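Here is a friendly walk through a few local features of one structure. Keep the viewer open and follow along.

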Amino acid sequence: MAALDPAAPGRPAPVADWVTIPDLFRDPFPVFERLRAEGGVHWVPQVGRYLVSSYDAVHATEMDQETFSANEEGSLQIRAMGHSMLRRDDPEHYAERKAWQPVLRPGAVKRTWTAVFERNAARYLDKMVAKGPGADLIWDFAAPYAAENLREILGLYNATQEDMQRWSQTLINATGNYADDPDVWAAGERSFDEVDVALDEMLRWHADHPDHSLLSSLLRIPDYEMPLERVRANIKMTIGGGLNEPRDALGVAAWALLTHPEQRAAVEADPALWPAVFDEALRWVAPIGLYSRQTTRDVDLAGVRLPAGARLGICPLSANRDESVWDDAAAFDVRREVKPHLAFSKGVHVCLGAWVARAEVSAVGLPRLFERLRGLDLVPEDPAEIGGWVFRGMTHMPVRWDTTAPAPAPAAAPGAVTTTAAEPTGRVAVVGAGPAGCFTAQALRRALPGCTLDVLDDLPVPYGLVRYGVAADHQGTKSVARQFDRLFADPAVSFHGNTRLGTHVSLDDLRGAYDAVVLATGVHADASLPVPGADHPRVHGAGRLTRLLNGHPDEAGVPELGEEVVVVGHGNVAMDVVRLVARRAEDLDGTDVDDATRERLVGNVRVVHVVGRGAPETARFDPVMVREVAGLAGVSHRVHGADLDAVVPGKDARLDAVRDLVAAGDDGAGVRVEWWFGLAPEGVEEVDDGRLAVRFRGPADAVTLQADDVVTAVGFAADAGSPVPPGAHEDGRVEPGLYVAGWLRTGPRGTIPDQRTHARALAATIADDLRAAGRAGSRPGLARHDDATDFDGWRRIDLRERLGAAPGRDRAKLRTRAELLAAARDVDLELPAPEPAGAARAAAVGPVTVLFGTESGGAEMVADDLRRALGDDADVRDLADTRPEDLDPARVHVVVCATYGDGEVPTSARPFHRALVERRPDLSGLRYAVFGMGDRSYTRTYSRGSELVDEALAACGGRRFGEYGRHDAGGPVEAADAALEWLDGVLAQVPVPARA
């Protein structure tokens, strides 16, 4: 153990001298469970390094390459394979990674390698079938399949798949040779030399015979020539990880399904679950159990002092079973809540081969295996075996089967829905036409294409929260309603507006009339501030104010706020209130705000105090929302109680947004916003002059703010008539046939995009229940009552409101139920043709350029999918090859950008971003939308890379339109699916370019 600086924080590392390498090899999980329980960072003498076993500690090391260096002195991997990119830090690491990327990007996987995987899967399944029951699934299928795939990707055509397997295993064994076995080193050295001989020969061959392989690609890099010794080291690294990892992932996933028959049945019934099988198998048993890091300075990790130069063993095999992250972490469960596992690493060293492995295993290998071998099962008298801890996988797995399919079935695209003659049709009622109800209806139409859907709502109009809860100046978010319009244009989907549960129809009647009923009625009441005086008549709920500004027909009695207002809460609803109060009337063009209500409500306001109990780093606001407030004209800002030096700039998006407020300054113009952090409310009381005193408790002292009115933005609570308690049924099933969606399912938390994600899981649950019940659509459904509105009635209301809009406004909402019903019945209103969708709508907005900034290829794949959806006038450009002056204001630009590392612009896009920041070119007239790709496990910097590009474009005069799109890489929804749905909405928001 290295010497510690006595002044370093934290406690000395506990010594786990009870840990032995044989125990770790046989079954490391009991060892890891104890290590995690004891803190997660230990000195382990048998291994000769500190083992890092908890999720948070492993994640921390992956995010900080400056402190936890991959370039370990005396690295076993460097000895075994040479000094590859995995044992380097940036910038050297990135230069080599960039050279490897083109062949492994998702576009290349889709265009080139998936067909190779299909061919090789068929080939080795044929061989396995010929061998007959008793064949070993690992050594007769998974290993040769993975080896042949890798051989073709690399372009090592002078080797055999058997050579690849021998090289991979012996090099991997040497990399994990912590016991310093001389025989292991000798076998590794023989393979090291054999690979060099084969590589030298094939580099000469590829110089004359270029193809799609990695070796050919390396010879064609325009701006970088990798030294030969680095090519050799990186090829050996790729042979090691690129074979063993997909082999072991496939084997473990198959073993999991064969030992969990109920989950196997669900997957075979729903091929869209194969990606979930893949990710859950990687979480359950990570193929790479340990890799090394070395500290560059004294550091505190999980409360343990580590000295500079400390050698670490980072254990994703343990971190992926951390009980503080996953419930029942030791269980395999494809239906578990999706959270980001660490099997592919994070940060700058995130696995280059992730896209290859996903396609190889979840899109081809696993589906073809279970389709071809009918009745596949383990052999009880010859049990399967698993072993390893540095690398872990199946070592012995004999299988048997009943029959074989005559030929491999074609691969089902991830997310595709298949139907059979036995597929139930079903009649489903969805109560509530807000985003949760509409997303659930969309997902049910995909999961059960033969079903019939009736969507009911208490109001005469659909879209609930989108129409009345989203801030009136956030038309980009409201544009999701355009997608829902097309849902109701489907003949199998009907809208029943002005239909109240409990008045026009009972829940028992619905359950008798439908095969399934989904309750999506939401949670609408403002939660009360739990302090004395919160019931004062001048204390108002933020939800009610938002509904008033949105023209909700059931809200009446508009309050008149005074000059000074206190807003309690730092969430996005609070940001909506602040923005709508402080924004100038002339800056509300394009909104559907009720102008008369707004003038009465906020016309007197001059000072707004926004108060939250936490620091900026823990606030619940979206940083983009705060920057929007910071950019308002005529508004000044003062910030209290924020330590702006708590985190360095660029490493915490929320703190960066607060810095923008400070930079916006205090010019004394218009409305002044006072931002208060670290204050917890304690009471509200009326003082002698009729004003309110709002008392708060800070870290050191009490603070009292004077105000005319208080607005509480502290969440929502159940309505008195809620059909079920919100949050009581987290999986969405009350009982078979009755379900809850949206905030009735989760409680009052989650965003509109979250509802899309939850809807897919709920639709799968409903489909499973209907299949199990054998429902065939015999239920009669609901007869529409006399006062109900239908979808054409909504379209008439929509038309009436748009025709009545004041100059600069999107619509003038009808304020009463009577007005809404009258418009719905006005047959003299001539309805326009339905809006175009997809490429037709794209053609209507003019030529589009899709720009992407990527690190591992995900944003490039999404950009390609968007271009295809946009049609022939669209093109795609890599930000790495784009200068700001190349952006044509005559074209609409769609920016798809990933976040690199801990909140950074992707490395390849940094020159473009730097040019924007340093040169400030004039981009006036540029119209662009942004889709950010990130990972919510990086809580401080999720999607920050795309935000930085957005901010730089806006600072140069560009105008962003539509909803700010985001995708969570750890979530269950495919990035391309999320991006296509987002694009459909933002196309409706393309601004008309200003005329000279």
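## A strand with covered faces

Let's start with a parallel pairing: strand E17 and strand E30 (residues 738–740) are joined by 3 bridges. Within that pairing, Val517 has Leu738 of E30 opposite it. Please keep in mind as you look that this is a predicted model.

E17 also pairs with strand E14 (residues 427–431), in the parallel sense and over 4 bridges. There, Val430 has Val518 of E17 as its bridge partner. Is E17 covered on one face or on both? Both faces of this strand, residues 516–519, are covered. Ala516 and Val518 are buried on one side, and Val517 and Leu519 are buried on the other. Val518, the partner of Val430, and Val517, which stands opposite Leu738, therefore count as buried, under the 20% limit on relative accessible area.

## An open antiparallel sheet

Next comes an open sheet of 3 strands, in the order E24-E25-E26 and with antiparallel pairing. Strand E24 (680–686) and strand E26 (702–707) each have a single partner strand, so they stand at the edges and one side of each lacks a neighbour in the sheet. From one strand to the next, the twist averages 20°.

How many bridges link E24 with strand E25? The two pair in the antiparallel sense over 6 bridges, with E25 covering residues 692–697.

Helix H13 spans residues 274–284 and is mostly covered, with 9 of its 11 residues buried. The buried set consists of Trp274, Pro275, Val277, Phe278, Glu280, Ala281, Leu282, Arg283 and Trp284. What covers them? The cover includes four helices: H2 (28–37), H11 (228–258), H12 (261–269) and H15 (354–372).

Helix H19, residues 480–489, is also mostly covered, and 7 of its 10 residues are buried. Those buried in H19 are Val480, Ala481, Arg482, Gln483, Phe484, Leu487 and Phe488.

## A helix pair

Helix H24 (residues 623–630) packs with helix H33 (residues 944–955) at an angle of about 20°, and their axes are 11 Å apart. That angle makes H24 roughly parallel to H33, because angles under 35 degrees are counted that way. The crossing of the two helices is right-handed.

Which residues make the contact? H24 contributes Pro623, Val624 and Arg627, while H33 contributes Arg944, Glu947 and Glu951. Sorted by class, the contact between H24 and H33 has 4 charged residues, 2 nonpolar and no polar.

## A loop leucine

Our last stop is Leu644, found in the loop between strand E22 (635–640) and helix H25 (653–664). Is Leu644 buried, exposed or partly exposed? Its relative accessibility is 26%, so Leu644 counts as partly exposed, since that class lies between the 20% and 50% limits.

Leaving out residues up to four places away in sequence, Leu644 touches Leu655, Val658, Arg659 and Val662. One of these, Val662, is 18 residues from Leu644 along the chain, and the C-alpha atoms of the two are separated by 9.6 Å.

How values were computed: Residues numbered from 1 in each chain as written. Predicted model: local features only at pLDDT ≥ 70, side-chain atom pairs only at ≥ 80, totals over all residues. Heavy atoms only, no water. Axes fitted to C-alpha atoms, helices over the stretch in contact; angles between N-to-C directions. Parallel < 35°, antiparallel > 145°, perpendicular 65-115°, else oblique. Left-handed = near helix turned anticlockwise from the far one by under 90°. Contact = heavy atoms within 4.5 Å. Nonpolar A, V, L, I, M, F, W, Y, C, P; charged D, E, K, R; others polar. Buried < 20%, exposed > 50% of the residue type's maximum accessible area, 1.4 Å probe, protein only. Pairing = 2+ DSSP bridges.
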